[in-house]
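Open your viewer and get ready to click along. This tour moves from stop to stop, telling you what to select and what to look for there.

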Protein chains: 2
Amino acid sequence: MVITDGQSVKNLTNSSFIFSHMKKLLFLLAALPFCVAAQSEEDAVFIRKLADEVLVNGKAHDLLRDLTKNIGHRLSGSPQYNKAAVWGKTEMEKMGADKAWLQECLVPNWKRGKDEVFIAEMDGRKQKRMLNALALGNSLGSGKPVVAKVLAVEDFNELEKRKDEVKGKIVYYNAGFDQRHVQTFRAYGEMGQYRRSGASRAAKYGAVGTLIRSLGGGTDNFAHTGSMAYNDSLPKIPAAALGLRDADFLWDMTRHTDVTVSLTTSGKFNPDTINHNVIAELRGSQFPDTYITIGGHLDSWDVGEGAHDDGAGIVQTMEILRAFKQLGYKPRYSIRFVLFANEENGLRGGQKYAEEAKAKGEKHLFALESDAGGFTPRGFGFTASPEQLAKIKAWLPLLKPYGIGDLEAGGGGADIGPLRSLGTVLAGLQPDSQRYFDVHHTHNDVFENVNKRELHLGALNMAALIYLVDKYGL
Amino acid sequence: MVITDGQSVKNLTNSSFIFSHMKKLLFLLAALPFCVAAQSEEDAVFIRKLADEVLVNGKAHDLLRDLTKNIGHRLSGSPQYNKAAVWGKTEMEKMGADKAWLQECLVPNWKRGKDEVFIAEMDGRKQKRMLNALALGNSLGSGKPVVAKVLAVEDFNELEKRKDEVKGKIVYYNAGFDQRHVQTFRAYGEMGQYRRSGASRAAKYGAVGTLIRSLGGGTDNFAHTGSMAYNDSLPKIPAAALGLRDADFLWDMTRHTDVTVSLTTSGKFNPDTINHNVIAELRGSQFPDTYITIGGHLDSWDVGEGAHDDGAGIVQTMEILRAFKQLGYKPRYSIRFVLFANEENGLRGGQKYAEEAKAKGEKHLFALESDAGGFTPRGFGFTASPEQLAKIKAWLPLLKPYGIGDLEAGGGGADIGPLRSLGTVLAGLQPDSQRYFDVHHTHNDVFENVNKRELHLGALNMAALIYLVDKYGL
């Protein structure tokens, strides 16, 4: 740690300085009980070339503008999704993929519908207020407006204690992000249960609708949609998420008076429909039948532009293909660049990809996903054996100059997750997480909120990691 | 490094896990030829308390809204600067400082004036275009419009080669940020010479005005002002910076045709005037006559709101005072919270502070500045002896859970720089640098571009570092 601090590897213009320090590092590591992969000046030089290519000539930001502004959001089953799939295949063919194709999969076909209205009325105050909310993905419409008194509870514990008061009410869960977590994904992970199962937990006691505090940590009032699921044995009541300021408002009002909410939603499922994973391939020179997969998901929610979630991962994936071709890089393994279908409300794209790999007996060495936003990169997380992780960790000095601070256990991605059953090592890009849940699943997840350099730094670090895996195996 | 990765110290809910790993770290470090400071579970616990206080109850973001929206930008010598100084003193008194006062200093009093117009005319095309530009700080007005053909050069080298063509022209320097640098401050450092001395370098050969490409790296067209200086022995010609898109436009046009620019600026200096550093103090319990200084600069340029530069550093400084008081922390050394005057165009505030310290024979142990934006924190840089740096580096495991990846040599701040001559150890907060030069010195440096959590994470890490210095000395 003392030897390999940022200072030592920062001054890339003085490569002899760097490598004298890297030698010290290797010496130190040799004394530790870990398997250390060979590293060479050649690696640092090639990664610097990759970095220069992406930072100076990178096209990820332009591609993202194209995807978000010319196509927009891309919910599974929507016409935009199909347009985006054709766009992705065409662009990757133009970049010089050895081949590119569409892989069919059947996806859920949920539609929000047009009518969403949320009105709060403070009893005895002749005061009405529109609430900024979004129906949750997969939730079913209210039919005519559901009008009922609100039972506002802190969390599931309070719901259970007050279960006798639930019948005929709209339950509001006030549970929100714990701001003490430095990693915002941890707060998201804790609160996910309210979005996922809050409706059925309340329906069990006779609730007629549910509202949650949006799963976000920002200071604005954008509502955050996202997947929910019903327990099929219980009534399927409408469910929506409130913007954070309106969540505060509703909670405060219920501390002082009875509140009646009128809730109109119109979600429904059409029959499952066909979408496609988009796959492009660079054929390996040495192990053509062993695969490395890089990907993100092409679908998004039906609000905003799906710019950070996950347009960023899509265009980073495409940029790696472009940069490899531009530099004339010939991989040893076959590399697949995959734009996955249906991450948001079904995961059918990722399942299909792994199923077909298994059916064909393909060997998948490594898979890397970017689905945590196009923010400044901070690390990669891995699902791997301790020996594999030790080998990977030894690469840190090569990535540190480009902003990677950690290579650690724990990570992957929803789309590549099913590959784990084939023994594939999984990895996920970990960008800085502070801003992600300001925009995630909102009308505010738009191109303008993605910074070009942060996006491109993510792409170049992904490219560098793929290069190292391709060169040294796992 | 392998032992102290992010994973090991991440799970703060399991403190025995952390500390078993910290012991391994200490064991490893003991084998290295560095002086390692003692660390204890007590430190981790107190820093967690600091973090919780700042992340949950922090007021830096609210203070920044107040400063930027109720006062606005705060150029040295402006009425807003004086208003901000009173505001800062009052707020820190309310927070419970043992004392707070204003320290007088004489500052330059440059005014932009009202008229700034930049028009490009493409010769022979009957085509005119307004250019988005800002006169550089300290530059003098053109009087009536300066109308002249443009000599567009890549850099000073080309200027020297073409010096015979300069007479009577407006020189445009196209030199811009080298996007290959991961740390954007490096690109800024390289290009600073064009803003600082581009006017006099061109005036030497008879130029009548200069334009530079703004010192920024973004994708927008905001012009970036900032300090320039004239060589007093040469004509003082007007100088301005173009927005990056208009810089591209002007450069491209000059590749195809002659371009005439009409340039009107109206900068002037009024006589020097009095501004004040704002100083609040918590008196030390053990070493009351030895000082630790935390600060940022209260002045800003006269565009935007000075939100990142350096409202962020100001409110982080104030937040540390608030959090220390809130937790009942009694420092061993006296801690000064300083809102410096006149960083942008004179550094008189920092000079005054050090001069008075010297005159009074004060001992200043340590000074920490935040003046690189309110973005997610990544590290601290230090100006210290190797022994002091080794001691500091041993604290990394305590800061890593809060986003600090590096404690490295090289750093400080413009305002605290003059303290170095008193033997003071200097440090600067190093936030992620990707977005800083999108907004720096522009109309776009506004409150809305500062993220609450990123700002507060910076404050809590600064507080934690101050706590460690206060506890263990240097």
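**Before you start**

The model is predicted, and local features need pLDDT of at least 70, side-chain atom pairs count only at pLDDT 80 or more, while totals for chains, interfaces and linings use all residues. Residues are numbered from 1 along each chain as its sequence is written, and chains are lettered from A and ligands numbered from 1 in the order in which they are written.

**Stop 1**

Select residues 79-94 of chain A, which form helix α5. Helices here are DSSP runs of H or I with at least four residues, strands are runs of E with at least two, and both are numbered from the N terminus. How far apart are the end C-alpha atoms of α5(A)? They are 23 Å apart, which agrees with the 22 Å that its 16 residues should span at 1.5 Å a residue; the expected span is 1.5 Å times one less than the number of residues.

Now colour the buried residues of α5(A): A:Gln80, A:Tyr81, A:Ala84, A:Ala85, A:Trp87, A:Gly88, A:Glu91 and A:Met92. A residue is buried if 20 or more other C-beta atoms lie within 10 Å of its own, exposed if 12 or fewer, and partly exposed in between, with C-beta atoms placed from the backbone. Look down the axis of α5(A): the buried residues fall within an arc of 165 degrees, so they line one face of the helix. That arc is taken from the directions from the helix axis to the C-beta atoms. On the other side of α5(A), find the exposed A:Pro79, A:Thr90 and A:Lys94.

What covers the buried residues of α5(A)? The cover includes α4 (60-71), β1 (99-111), β10, α9 and β12 of chain A. Contact here means that the C-beta atoms of two residues, placed from the backbone, lie within 7 Å. Just after α5(A), click on A:Gly96, which has a positive phi of about 100 degrees.

**Stop 2: a covered strand**

Next, select β12 of chain A, residues 333-340: eight of its eight residues are buried. Strand β10 (residues 268-282) runs antiparallel to β12(A) and is joined to it by five bridges; strands pair if DSSP finds at least two bridges between them. Within this pairing, A:Val278 stands opposite A:Leu339.

Strand β11 (residues 287-297) runs parallel to β12(A), with eight bridges between them. There, A:His297 has A:Phe340 as its bridge partner. From β11(A) the chain crosses through α9(A) to β12(A) in a right-handed β-α-β crossover. Right-handed means that, with the strands pointing away from the viewer, the path from the first strand over the helix to the second runs clockwise.

**Stop 3**

Most residues other than glycine have a negative phi, and most peptide bonds are trans. Select A:Asp309 and A:Asp310, which are joined by a cis peptide bond with omega about 0 degrees. A:Asp310 lies in helix α9 (residues 307-326) of chain A. In chain B, the bond from B:Asp309 to B:Asp310 is also cis, with omega near 0 degrees.

Finally, select A:Lys126 in the loop between β2 (117-122) and β3 (127-130). A:Lys126 has a positive phi of about 45 degrees. Is A:Lys126 exposed or buried? A:Lys126 counts as exposed, because it has 7 C-beta neighbours inside 10 Å. A:His441, in the loop between α13 (436-439) and α14 (452-472), has a positive phi near 65 degrees. A:His441 is buried, with 30 other C-beta atoms within 10 Å.
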